[in-house]
Amino acid sequence: YRDDDDINDVASMAGVNLNEESARIMATNSDLVGTQIQSCKDEPFLAAIPLHKRILEMAKKLGITDVPAEVVTFISHATQNRLRTVIEKVTVITQHRMESYKDDEWYEQATDVRSQLKFFEQLERLEKQRKDEQEREILLKAAKSRSRQEDPEQARLKQKAKEMQQQELAQMRQRDANLTALAAIGPRKKRKLDSPGLLTIGGEGVGVSGGSQAGLGTPSSRQYARQKITRVNLRDFIFYMEQEREMSHSLLLYRALLK
């Protein structure tokens, strides 16, 4: 019969002797027990020597003459961590700015600034066209006038009308030459995509074996995975500094706003 303690001992109920197992572990892995294994060397993010000199220069102003190397390593790691945090937050801000809600069913478009700008550009174009037509009519009237006593302003208008007519004639000749060239070339045909394993030579299809196909490379094999690039601009960084409590009233933010 076993005691009450043996009933609650799961290892003994399973038939495992903990003393034997501990002795076996100490015998086989005795060189690894109590040691610390590090996968890679702890290298500082910033250059140690220039950073140490800079810290000593700042410490001398406060009456500190000795700065150990651990302080330099700690400041270097703190700088790396701070820079990583800033980059992550600015990246999130940039990704939010680049998001599009046009196809989202939970959003509806209230204003379309692009269409408004196109409308204003069209109005400006029509106004410019109207002014050009008026100026053209004035020049044509000046060119057709046959007054014997012409003032310098009338002569200038006639010369300008003559130049305008020559320019219009040159544009018409250029347009006719372009149309003639396009008619001689003929309609452009879309290039058909070659099927995999088929190489087109002189309009005839030539089969390619598996080894040759790998050497020549099909259009699908030349397509590489395109890495998405997140471009951060100054406006994103200004928005980040405005949200940070430590940088919302800093001199760096005011300098960025002045640019």
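This is a predicted model: local features need pLDDT of at least 70, side-chain atom pairs count only at pLDDT 80 or more; totals for chains, interfaces and linings use all residues.
The buried positions of α5 are V72, S76, V86, V90, I93 and T94. Helix α5 itself is made of 30 residues and reaches 44 Å from its first C-alpha to its last, close to the 44 Å expected at 1.5 Å a residue.

Leaving aside its neighbours within four places in sequence, V90 touches V232, D236, F237 and Y240. V90 also belongs to the largest nonpolar core, a set of 9 residues that brings together V86, V90, I93, I238, Y240, M241, M247, L253 and A256. Two or more residues of this core come from each of α5 (69–98), α9 and α10.

The next step is to look at how α9 and α10 meet. Two packed helices are described by the angle between their axes and the distance between the axes. For α9 (residues 234–243) and α10 (residues 251–258), the axes come within 10 Å and cross at roughly 150°, and the crossing is left-handed. On the α9 side, the contact is made by L234, I238, M241 and E242, while α10 contributes L252, L253, A256 and L257. Sorted by type, the residues of this contact comprise 7 nonpolar, no polar and 1 charged. Among the contact residues, I238 and M241 of α9 and L253 and A256 of α10 are also members of the largest nonpolar core.

Notes
Residues are numbered from 1 along each chain as its sequence is written. Side-chain values use heavy atoms; hydrogens and water are left out. Axes are lines fitted to C-alpha atoms, for helices over the stretch in contact, and angles run from 0 to 180 degrees between N-to-C directions. Helices (H or I, at least four residues) and strands (E, at least two) are DSSP runs, numbered from the N terminus. A crossing is left-handed if the near helix is turned anticlockwise from the far one by less than a right angle, and right-handed if clockwise. Contact means heavy atoms within 4.5 Å. Ala, Val, Leu, Ile, Met, Phe, Trp, Tyr, Cys and Pro count as nonpolar, Asp, Glu, Lys and Arg as charged, and the others, Gly among them, as polar. A nonpolar core is a set of buried Ala, Val, Leu, Ile, Met, Phe, Trp, Tyr and Cys residues joined through side-chain atoms within 4.5 Å. Buried means under 20% relative accessible area, exposed over 50%, partly exposed in between (1.4 Å probe, protein chains only). The expected span of a helix is 1.5 Å times one less than its number of residues.
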